[in-house]
Amino acid sequence: MKPRLITNYKKVDPAGDSQSLSRTMLTSYPTETLVEKDKKYTEQKILIPEFSVPGILAKQEWEGLVFHFMAFPTIFEYTDFRLVDENKYELLGFNGKSVSEFTAEYIAECISAMQVHFEQVDEPSAYCKDDETDYKYDKQDVRLLTGKVKWHFGTYLRQTTDDENRILEELREAGELEYEKFDEAFNYTTNYDLPVFKDEHGNTLVFVCRLHAAHFPGSHYLFYSPETKLVRQFSQFPKRKQDEIDFTETDDPDAYTNVIEALTDPSKVLTDRSYFDKNIILPKYSFPGEIISRKYEGLVFHFVITPIFNSSIDFRLTDNNKYELLRFDDKMPGDFTPDFLEECKMEMQEDFELMGEKTVYFFNIDESSDKEWKRTDLKLTVGTDPCWAQATLMRRKNEEEIQSDHDASNMMMYEEPFRNDRYVTDYDLPAFKDENDDKMELVAELNSDDVFGTYYLYFSPKTRLVRQFFQCT
């Protein structure tokens, strides 16, 4: 049983023609002509060549072979290729579905699921082995695992035998099991009896390597059949994701794309400005949806300040990206009594007094050529789960979620936002369902020095329902 070997690769300046790949160098975003036998799948935007890995890094006998990690639609677990002449890949299919079965509707579904990868594409880069003993992570680095496969999720595992556990323990005690942590205590190993680990002739596939890279979301695994030249790539993704986008104020909004506006004109946000005139709600920030994801391109979302006693407010996002008020906690607009309006007005008085006299703009710090910005004026947290200020909309993690978050922290390499949390968002609650009982999507969590508490936006693409939550400690 060959132990695992984790190798870290540092980003370097590309040297020479990318087609003359070094024996020990990884290449990101290799050209399609280097990788693909038929470029039409890249042109259809259902594949992106992400990394090329010399075979000798995995096995001495694979010198001269080059394997490729491809970005493929996130709705699939694995994709099949044939390694053909000149180390190119011939696409065979996704999840066992042959390319001969691809329909126009199927391609459209694939394109939609590829968005997460197209948001990450960068310039080609080269990576060389890092031999420093005192290694420190850098977000540009790449991590390659060879030898014995280590899965992040248990889909392809079986329980280990006593003999296998004894061998693993001996390797660990001898210091020959090189990995972040010795995580085999739960006694599982790859189940090579599964059909997914067999080639067309029933031969067992051989593990090549696993790759992590910050700009290549997820964890990616290559298996190979020396007999048929079949390459099967598996990709696994964290079940929960979280990222932060920092913004700071600018006097020149035209210099940046996708800026956030602090508005002074409520008519740009509300279909009925009477709610503003009655001091019930105060439009605060507006931002284009593509800041969050390409799937929200063309949409504009708004954060609206509400009285502190409000816990949620519902809007309909109109075709011209304005908000139509639907519900204020458990009250419909027709249920607003004079006493309720007065209570809102009293609670909102200070917010309206602090309202700016001109529109203020904020830009994404990462989009600046000057990466040394120190001041963050507001922060958007995006992904699948926000950081709730209270536990009212959360539940305790189960054992599978604890393991999943632990694995995801390794998968993402540099961040572990969920690892120590005991709670997860309870998406089974009615609060996270739209009118059709479909689960809503997290758009963003807002934190700003100019706003008391924390606001959270959820959205239903089908009904265009926007639900905003407010919490404070």
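Ala, Val, Leu, Ile, Met, Phe, Trp, Tyr, Cys and Pro count as nonpolar, Asp, Glu, Lys and Arg as charged, and the others, Gly among them, as polar. With these classes, the lining of the largest cavity in this structure divides into six nonpolar residues, no polar residues and two charged residues. The structure is a predicted model.

**The cavity**
- A search of the whole structure finds one cavity of 30 Å³ or more.
- The space inside the largest cavity is about 30 Å³.
- Its lining is formed by Glu36, Asp38, Tyr41, Leu47, Met70, Phe81, Tyr89 and Leu91.

**The second largest pocket**
- The second largest pocket holds about 610 Å³ of space.
- It is lined by 31 residues, of which Lys284, Asp351, Leu354, Asp450 and Val451 are the closest to its centre.
- Strand 17 (282-288), helix 7 (338-353) and strand 21 (360-364) are the elements that each give two or more residues to this lining.
- By class, the lining of the second largest pocket has 18 nonpolar, four polar and nine charged residues.

- In soluble globular proteins, nonpolar side chains tend to be buried together.
- In this model, the largest nonpolar core has 47 residues, and Phe301, Tyr323 and Leu380 have the most contacts inside it.
- Apart from this core lies another one, of 40 residues, including Leu26, Phe51, Ala71 and Phe81.
- Leaving aside residues up to four places away in sequence, Tyr323 touches a set of residues that includes Val269, Leu270, Phe301, Phe315, Leu317, Leu457 and Val466.

- Strands of a sheet pair through backbone hydrogen bonds, either parallel or antiparallel.
- Here, twelve strands form an open sheet with antiparallel pairing, in the order 4-3-2-8-1-9-12-13-14-5-6-7.
- Strand 4 (66-71) and strand 7 (97-98) are the edge strands, each pairing on one side only.
- Strand 1 (residues 5-12) and strand 9 (residues 142-146) run antiparallel and are joined by five bridges.
- Within this part of the sheet, Thr7 stands opposite Leu144 of strand 9.

**Thr228**
- Thr228 lies in the loop between strand 13 (216-224) and strand 14 (230-236).
- Thr228 counts as buried because its relative accessibility is 11%, and buried means under 20%.
- Not counting residues up to four places away in sequence, Thr228 touches Arg82, Asp199, Glu200, His201 and Asn203.

Note on methods. Residues are numbered from 1 along each chain as its sequence is written. This is a predicted model: local features need pLDDT of at least 70, side-chain atom pairs count only at pLDDT 80 or more; totals for chains, interfaces and linings use all residues. Side-chain values use heavy atoms; hydrogens and water are left out. Helices (H or I, at least four residues) and strands (E, at least two) are DSSP runs, numbered from the N terminus. Buried means under 20% relative accessible area, exposed over 50%, partly exposed in between (1.4 Å probe, protein chains only). Contact means heavy atoms within 4.5 Å. A nonpolar core is a set of buried Ala, Val, Leu, Ile, Met, Phe, Trp, Tyr and Cys residues joined through side-chain atoms within 4.5 Å. On a 1 Å grid over the protein atoms alone, a cavity is a set of points where a 1.4 Å probe fits but cannot get out, and a pocket is an open set with protein on both sides within 12 Å along at least five of seven lines; lining residues have an atom within 4 Å of a point. Grid points are joined across faces, edges and corners, and a volume is the space filled by probe spheres set on the points. Two strands pair if DSSP finds at least two bridges between them.
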